[in-house]
Amino acid sequence: GELGRLTQDHTLVEELLRRGKLTEEQAAEHPQRSIITRALGVDPEVDVDTRTFIARAGDVVLLCSDGLTSMINEKQVAAVLREESNLDRAAERLIAEANAAGGRDNITVVLFRLEDVADADAEDGAGGADQPTIVGMSQAGGAGNTVTAAPAGTAPAASPSAPAETAPRVPAARVPVTRPRGGEPPPKGARRTRRPARLAKPVAALVTALVLLFLIGGGGYLATRQLFFLGTNNQGIVTVYRGLPYNLPLGLHLYETYYVSGIPLTAVPPARRNEMVNHQIRSQSDAVSLVHAAELGQLTR
């Protein structure tokens, strides 16, 4: 008798709702409510959200697009499902009510009812056929509502997930090769004279230099923990990094991810995008405040 949401939308507004930065009323009219944060086709590999739920015979599962839920709220959906025991009629009513409310987007409705395993086995043993899953689909504006049947057991596509980080691209340093001037190489078999006295001083100087670099580097590392800059990860999501925007040879970099926002760079007004990717050194409060303003749609164009 109750309707409960089992999945989470991969949208900017849903992310802000989960973080408590928006209310349900603000989310309903948010100018960026159509921005998605995960999508198939962007990357060659995606993560899939997997969850386990306890169910029982007689439970009805609804799969739908936001063309339904953006037009009618969950209370209206629950009312229709309580009043209509027939899934065919329930799907038709949901589509009709979404179209009556405006029908601004394509509407897809899939309804199926769970059966007890023992009852299903008994029907199969008696030669009973699987019951079809009722699928309701409609184009925006209510043009041509249709209801079609799909074989039972057809699995819906799973939701994609997102992102690993991308490092700001910095050219690797080139090491010059020094060759001796003039002279010829010693002949094969020639005996070389060891000169330990001459080597001792350079080695000591090298050790001293390394110690100084270690001490200076340690202090410098601690100092970089107070520096922040903005960039994007490989999903194009605006990200706050801590450290310096430089890469070293052997894949080492001088920064770490501090905060991944819920907004892609394409959602930032074009006139303000350069601020998100110019790697300008900022304070923590400055970097985070700028990203939060972008998430809430407060950046001016």
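**Exercise 1.** Which residues in α4 meet which residues in α5?

*Solution.* The model is predicted, and local features need pLDDT of at least 70, while side-chain atom pairs count only at pLDDT 80 or more. Residues are numbered from 1 along each chain as its sequence is written.

Step 1. Contact means heavy atoms within 4.5 Å. From α4, the residues are V77, V80, L81 and E83; from α5, they are A90, R93, L94 and E97.

Step 2. Sorted by class, this contact holds five nonpolar, no polar and three charged residues (nonpolar: Ala, Val, Leu, Ile, Met, Phe, Trp, Tyr, Cys and Pro; charged: Asp, Glu, Lys and Arg; polar: the others, Gly among them).

**Exercise 2.** Describe how α4 and α5 pack.

*Solution.* Step 1. Helix α4 spans residues 74–83 and helix α5 residues 87–100. Their axes lie 9 Å apart, at an angle of about 150°.

Step 2. The helices are therefore roughly antiparallel (angles over 145 degrees).

**Exercise 3.** Which residues in α4 are buried, and which exposed residues does the face turned away from them carry?

*Solution.* Step 1. V77, A78 and V80 are buried (under 20% relative accessible area, with exposed meaning over 50%, by a 1.4 Å probe on protein chains only).

Step 2. Viewed down the axis of α4, the buried residues fall within an arc of 160°, so they line one face of the helix. The arc is taken over directions from the helix axis to the C-beta atoms.

Step 3. K75, R82 and E83 are the exposed residues on the face turned away from the buried side.

Step 4. The cover over the buried residues of α4 includes β1 (60–64), α3 (66–69) and α5.

Technical notes. Side-chain values use heavy atoms; hydrogens and water are left out. Axes are lines fitted to C-alpha atoms, for helices over the stretch in contact, and angles run from 0 to 180 degrees between N-to-C directions. Helices (H or I, at least four residues) and strands (E, at least two) are DSSP runs, numbered from the N terminus. Angles under 35 degrees count as roughly parallel, over 145 as roughly antiparallel, 65 to 115 as roughly perpendicular and the rest as oblique.
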